[in-house]
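Please keep the model open while reading.

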Amino acid sequence: MATEPRVLRREWTTAEGWRDTKAGMWAWLLQRAAALALVVVVVLHLRNPFVRPVQATLVGLVLLHGLLGLRAILLDLGLPVRLHRVLFAGALVLGAILFAVFWRWRWY
Amino acid sequence: MAVVLRRLQVFRYAPGAPERTQEYPVEAKPGMTVLDALVEVQQTQDPTLAFRYACRVGMCGSCGMVVNGRERWACRTLLAGLGAAALTIRPLYHFPLIRDLVVDMAPFVERMKAARAAFIPKDAGPAEFAAIGAEAPERRAIDPALECIGCGACVSACTLVGLDPHFLGPAALNRAFTLVADGRDAGKAERWAPLLSEEALWRCHGQANCTEVCPMELSPTDSILRLRRRALASFPRPPA
C-alpha cells in the first residue's frame, strides 16, 4: 500500500516553526488576533461601559485592527509592496499616538 | 588564524525511518557557504547525507533549503553571516520529502501547469520575434516579475500553501501575471479561469513572506495584487 509522502510544514508549537517570522506575517497575525480579542472586549464593554481598563483595551484594539486593515487596503489599491514594512511600523506608531491623544481626552 | 568550529544541526529523513536532527561540527573557513559546509560533511563525515545542488553559484536554484528558519540558497549563504550559534538546516517546507534535505519539486511544476504558465503565441509561427520596447508599459510592468528560476523558496515560505495544498502559490501566480500582462500572449481567457478560482488569487492573504525570501528579489505578492486589480477593474465582465 502506498503511503502518503511526508511533507514538512512550519510547526506552530515549536520555536523553530516561529523562527524568522516576518513583518508581513506579524502584521497579519496581529490584525486577526485583534479582531478575535475585540469580540470579547466589546461584550465586556457593553455590560459596563465605564470600566477604564476595558475602555483602554477596546480603543487600543480598534486602532490596531483598523490601522492594520488600512495598511492592507493601501497595498491592495496599489501602494508598492516594498513599503509593507514601513506601513506596518507606521500603523503601530500612529496607533500609539492616536491612543495617547484619545486617552488624554476625557469627555465625561 | 584561529579555527572557528561551527555546528550544523541538519534534518535527517529517510522513508520508513524516524526523522531526526543530526549535528555535525565543521571548521568554518573564510568565505565558506552553507553548501560548502554540507559538501565537507558529506565528504569527510557522513557520505549518507543527501542534499541537492548543481551550479554552486546562485544560478540554478536547486540548493534551496531552510537555514535558521529562512528559505535561502545554500550556495549563496555565508556561514559568517549566520551568527555564532548552531545552524539549523531543514528541507524546503510544503514539498514531499525524498531524503534528508532533498524534496520532490513535482508539485511546483503541477502548480505552474494549473496556472497555465506557458506562453501561447497569438501568431502561429511568426517569422521574427515580436519586439516589445524597453519603455513599453507592458514591458515595465512585466520586467520586475521575470527571472524566477523555480527554486521553490516562495512556496516554502507561503503560509497559505501550508494551509491549503491546492493553492496555486506565489511562483505560479507570479508567472501567470507575466503572461496576463503580455500583449503577445493568446492564452488569457483559459488562464483567468483558474486564476479566479477559489484556490488562486483570492486565497493570498498578502503576508508577503514570498517577497521577503525570494533570492531573485521578485515580489510575487505584488504580481498577485496586480492580477487582482485587473480582475476587479473589468468586473462584472471577465478580465481580458
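Predicted model: local features only at pLDDT ≥ 70, side-chain atom pairs only at ≥ 80, totals over all residues.

Val67(B) stands opposite Ile89(B) in β5(B).

## The sheet around it

β3 and β5 of chain B belong to an open sheet of five strands. The order is β2-β1-β5-β3-β4 (chain B). Pairing across the sheet is mixed. β2 (20–28) and β4 (70–73) of chain B are the edge strands, and each pairs on one side only. From one strand to the next, the twist averages 35°.

## A helix across the strands

Helix α1 (residues 34–44) of chain B lies across β1 (4–12), β2, β3 and β5 of chain B. Relative to β2(B), helix α1 of chain B runs at about 105°.

## Where two helices cross

Elsewhere in chain B, helix α6 (residues 169–180) and helix α9 (residues 220–234) have axes that come within 8 Å. The axes cross at roughly 55°, which makes α6(B) oblique to α9(B). The crossing of α6(B) and α9(B) is left-handed.

Which residues meet in the contact of α6(B) with α9(B)? From α6(B) come Pro170(B), Leu173(B), Asn174(B), Ala176(B), Phe177(B) and Val180(B). They meet Pro220(B), Ser223(B), Ile224(B), Arg226(B), Leu227(B) and Arg230(B) in α9(B). The residues of this contact divide into eight nonpolar, two polar and two charged.

Definitions and conventions: Residues numbered from 1 in each chain as written. Chains lettered and ligands numbered in written order. Heavy atoms only, no water. Axes fitted to C-alpha atoms, helices over the stretch in contact; angles between N-to-C directions. Helix = DSSP H or I, 4+ residues; strand = E, 2+ residues; numbered from the N terminus. Parallel < 35°, antiparallel > 145°, perpendicular 65-115°, else oblique. Left-handed = near helix turned anticlockwise from the far one by under 90°. Contact = heavy atoms within 4.5 Å. Nonpolar A, V, L, I, M, F, W, Y, C, P; charged D, E, K, R; others polar. Pairing = 2+ DSSP bridges.
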